[in-house]
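Hi,

Here is the structure I promised to pass on. Have a look at it first, and then read my notes below.

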Amino acid sequence: YLGQTMEQFREQFMDGAKQQVKVKLALDAIVKAENIEATEEEIAEETFLNEEVGYQLVILDAMTGSRYYGLRHTTDGGQNWNMLNSDPFLGSTGVADGIHFIDENLGFAILSHNGGANANLFRTADGGQTFERVELPPVIVEQNDSEFDPFDYPELPYEENNQLILYVNQGIDGDYLNNARARYVSDDNG
């Protein structure tokens, strides 16, 4: 406590603690008075295609650092959200690390694993109603007399000159060539 007595230390934080309690009680009263229902959903990632059309990955369940997600959709700028897909990651758990739609049908989402050491890329071609896991051809490199594929953490693809460009990095545990990335180009929307 840096030379303070326990009583002085407590007094130093008492006003802030009282204020936090007051704010919590006020919020609880508003929720009750307005009949606002609390939801278990938590927004993890959000993207808007334009001012009206948007998508959210929301946490539906969580356990020991991993989460199950659902995909919500809006067509009125976020005033109303509808559950579009209750399992966009096909039963896989992890931590959502991005979502992006190229147009109203083609979209991608990333689910990371192992604290960000690797991730999977998922693709939808029907506006999020169904997803499939994207399988990428490995890029085998040699280092210290061994061969391996260091590129295991895809980024979100983007469109450039009528092609999709996807970079895949090495996640938090990568150290090959100062964290070099692999570059994939698709002429058929991934």
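How do the residues of the lining of the largest pocket divide into nonpolar, polar and charged? There are 10 nonpolar, 1 polar and 4 charged (Ala, Val, Leu, Ile, Met, Phe, Trp, Tyr, Cys and Pro count as nonpolar, Asp, Glu, Lys and Arg as charged, and the others, Gly among them, as polar).

Before you go on: this is a predicted model, where local features need pLDDT of at least 70, side-chain atom pairs count only at pLDDT 80 or more, and totals for chains, interfaces and linings use all residues. Numbering runs from 1 along each chain as its sequence is written, and side-chain values use heavy atoms, with hydrogens and water left out.

The chain has 1 helix and 14 strands (DSSP runs, H or I of at least four residues for helices, E of at least two for strands, numbered from the N terminus). Mean pLDDT (the predictor's confidence in each residue, from 0 to 100) is 85 for the chain. Helix H1 (residues 6–33) has the lowest mean among the elements, 60.

Of the 190 residues, 32% are buried (under 20% relative accessible area, with a 1.4 Å probe and protein chains only).

Back to that pocket (on a 1 Å grid over the protein atoms alone, an open set of points where a 1.4 Å probe fits, with protein on both sides within 12 Å along at least five of seven lines; lining residues have an atom within 4 Å of a point). Its lining has 15 residues, and Ala 119, Val 134, Leu 136, Phe 151 and Asp 152 lie nearest the centre. Strand E7 (residues 118–124) gives the largest share, 3 residues.

Cheers

Note on methods
Buried < 20%, exposed > 50% of the residue type's maximum accessible area, 1.4 Å probe, protein only.
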